[in-house]
Amino acid sequence: MSNRLNLLNNWLQTTLQLKNPTPQPLTNDASFRRYFRITKNGQSFVVMDAPPDKEDCHSFIDVANLLRQAGLNAPEIIAQDTEQGFLLLTDFGSQLYWPALQTDQADTLYTEAFQSLIKMQKIHAESLPLYDNDLLDRELDLFIAWLMEKHLGIVLDTDEKQQLLAEFELLKQSALSQPQVFVHRDYHSRNLMVTEANNPAILDFQDAVKGAITYDLVSLLRDCYQVWPTDRVEAWLNEYYQLAIEHQVLNQDVEFIQFKRWFDLMGIQRHLKASGIFARLYHRDGKDNYFQHIPDTLNYIAQVSTHYPELQFLNQLLVKRVIPAYLSH
């Protein structure tokens, strides 16, 4: 890290002609990226440090350009050195959506997030990787490999594994059968910032893909970091649904009951993945600050799967084995 900081300081001296750079650390990312704030002539900027042997700046740059061209509030890339892994970016301040949602502004903030999401989903996404069967498989395997087996020591026998994989297949087919659009992949309250104009500012979009229309909506409304009552989620879901039809992102022939099923099953898939990632961050990367959110992700899967008899094995696996094992671990 000290070597990266020396490289960063040297780059700032060259790029911004800062004699004595004093980059101030911001919250670390779940990946290997780090962020700093610097000031020059009273103007604040954010610097991304993305070690080139672990992260790729090019995807961040490409997606940022797509978002900005669509009129969305993504950071401007003011300077770049992709060989060293440094980007100089717009500073949107410090007001994340996450704490702001605890105020009486939640409805307004979500409406603005829906409007930005619709714009994002209308972006031509052919240049992006596909959120295909293989990627869905890899994500679902995180739950088995990292949460069940690595963290909890739960190993399924052959018949149990077949039953679980059959239900995973249902989740994958639901995702693949939906309209395929631009997907941010982490469109949630810690990657959106409150801004005075063109709210929200959008961060952490470098893993964008072309995939299921409900994925980013699940990230937003079934946020791993923010739990809402079911009736509020359904009201917001309906608000987005009406907007999507109005702006022709969603065909008007898709009934709300079908859209909600897509949303629910996509949510289960995403939370299975998230719980596995949180366990991997702990065991592989030594990051334990995400671990506290695993109970909410598991409870979401258990609660929603009770409404879908075709997911009975997954439901019982969570209720009888995974959740009790996690709570007693």
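Ring pairs join Tyr110, Phe114, Trp228, Trp236, Tyr240, Tyr241, Phe256 and Phe259 into a cluster, where rings of Phe, Tyr and Trp (its six-membered ring) pair if their centres lie within 6.5 Å. The model is predicted, with local features needing pLDDT of at least 70 and side-chain atom pairs counting only at pLDDT 80 or more, while totals for chains, interfaces and linings use all residues. Residues are numbered from 1 along each chain as its sequence is written, and side-chain values use heavy atoms, with hydrogens and water left out.

**Aromatic pairs**

- Across the whole structure, a search finds 15 aromatic pairs.
- The ring centres of tyrosine 225 and phenylalanine 278 are 6.4 Å apart with the planes at 45°, so this pair is tilted (planes under 30 degrees apart count as stacked, over 60 as edge-to-face and the rest as tilted).
- Tyrosine 225 lies in the loop between helix 7 (215-221) and helix 8 (230-246), and phenylalanine 278 in helix 9 (residues 256-283), so that the pair links distant parts of the chain, 53 residues apart; helices (H or I, at least four residues) are DSSP runs, numbered from the N terminus.
- Both tyrosine 225 and phenylalanine 278 are buried, meaning under 20% relative accessible area with a 1.4 Å probe and protein chains only.
- Tyrosine 240 and phenylalanine 259 form a stacked pair, 5.8 Å centre to centre with 20° between the planes.
- Tyrosine 240 belongs to helix 8 and phenylalanine 259 to helix 9, so the pair ties together parts 19 residues apart in sequence, and both residues are buried.

**Charges over rings**

- The charged end of arginine 190 sits over the ring of tyrosine 225, 4.0 Å from its centre (NZ of Lys or CZ of Arg within 6 Å of the ring centre and within 35 degrees of the ring normal).
- Arginine 185 lies over the face of tyrosine 131, at 5.2 Å from the ring centre.

Key: Helix = DSSP H or I, 4+ residues; strand = E, 2+ residues; numbered from the N terminus. Buried < 20%, exposed > 50% of the residue type's maximum accessible area, 1.4 Å probe, protein only.
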